[in-house]
Amino acid sequence: MHISSPILAAKSPFFYKLFSNGMRESEQRHVTLRIRASEEATLMDLLNFMYSNTLSTTTPTAVLDVLMAADKFEVASCMRYCNRLLRNLPMTCESALLYLGIFLLLF
């Protein structure tokens, strides 16, 4: 996937540091980001958010996955967006336990 390093750097301190601090990646034209196959859809959602400021995913589990990825890659605007989405979704006992588990991992 071809992406713009200035866009990523503007949205994420993680990518800003990666592309601007003299690391090997900052001098390369192509950078490979290694992730698990299970993280691919979530990372694509996060990258799409970084370009469009919207998410196509709406299920609580998928939004939580994007929230975790946004935390990992320091995309604060996406974290805020995911939090708003989660607050507006209907709360079930299952989703409350899921949110609590993620909250405890993040903080």
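Analyst: The questions below concern a predicted model.

User: How many disulfides does the structure hold?
Analyst: A disulfide is a covalent bond between the sulfur atoms of two cysteines. A pair counts when its sulfur atoms lie within 2.5 Å. The sulfur of Cys82 has its closest cysteine sulfur in Cys78, at 4.0 Å, which is too far for a bond. The number of disulfides in the structure is 0.

User: Is Cys82 buried or exposed?
Analyst: A residue counts as buried under 20% relative accessible area and as exposed over 50%. Cys93, at 62%, is therefore exposed. Cys82 has a relative accessible area of 0%, so Cys82 is buried.

User: Which residues have the most contacts inside the largest nonpolar core?
Analyst: In soluble globular proteins, nonpolar side chains tend to be buried together. The largest nonpolar core here has 24 residues. Those with the most contacts inside this core are Leu46, Met50, Val75, Cys78 and Cys82.

User: Which element gives the most to this core?
Analyst: Two or more residues come from each of helix H2 (13-20), helix H3 (40-52), H4, helix H5 (76-88) and helix H6 (93-106). With 6 residues, the element that gives the most is H4.

User: Which residues does Val63 touch, not counting residues up to four places away in sequence?
Analyst: Val63 belongs to helix H4 (residues 60-72). Its relative accessibility is 1%, so Val63 counts as buried. Beyond the excluded sequence neighbours, Val63 touches Thr57, Thr58, Cys82, Leu85 and Leu86.

User: How far apart in space are Val63 and Leu46, C-alpha to C-alpha?
Analyst: In sequence, Val63 and Leu46 are 17 residues apart. In space, their C-alpha to C-alpha distance is 10.0 Å.

User: Which elements do the buried residues of H3 pack against?
Analyst: The buried residues of H3 are Thr42, Leu43, Asp45, Leu46, Leu47, Phe49 and Met50. The buried residues of H3 pack against helix H1 (5-11), H2, H4 and H5.

User: How far apart are the end C-alpha atoms of H3?
Analyst: The expected span of a helix is 1.5 Å times one less than its number of residues. H3 has 13 residues, so H3 should span 18 Å. The distance between its end C-alpha atoms agrees with this, at 18 Å.

User: Which residue with a positive phi follows H3?
Analyst: The phi of this residue is near 60°. The residue that follows H3 is Asn53.

Definitions and conventions
Residues numbered from 1 in each chain as written. Predicted model: local features only at pLDDT ≥ 70, side-chain atom pairs only at ≥ 80, totals over all residues. Heavy atoms only, no water. Buried < 20%, exposed > 50% of the residue type's maximum accessible area, 1.4 Å probe, protein only. Helix = DSSP H or I, 4+ residues; strand = E, 2+ residues; numbered from the N terminus. Contact = heavy atoms within 4.5 Å. Core = buried A, V, L, I, M, F, W, Y, C linked by side-chain atoms within 4.5 Å.
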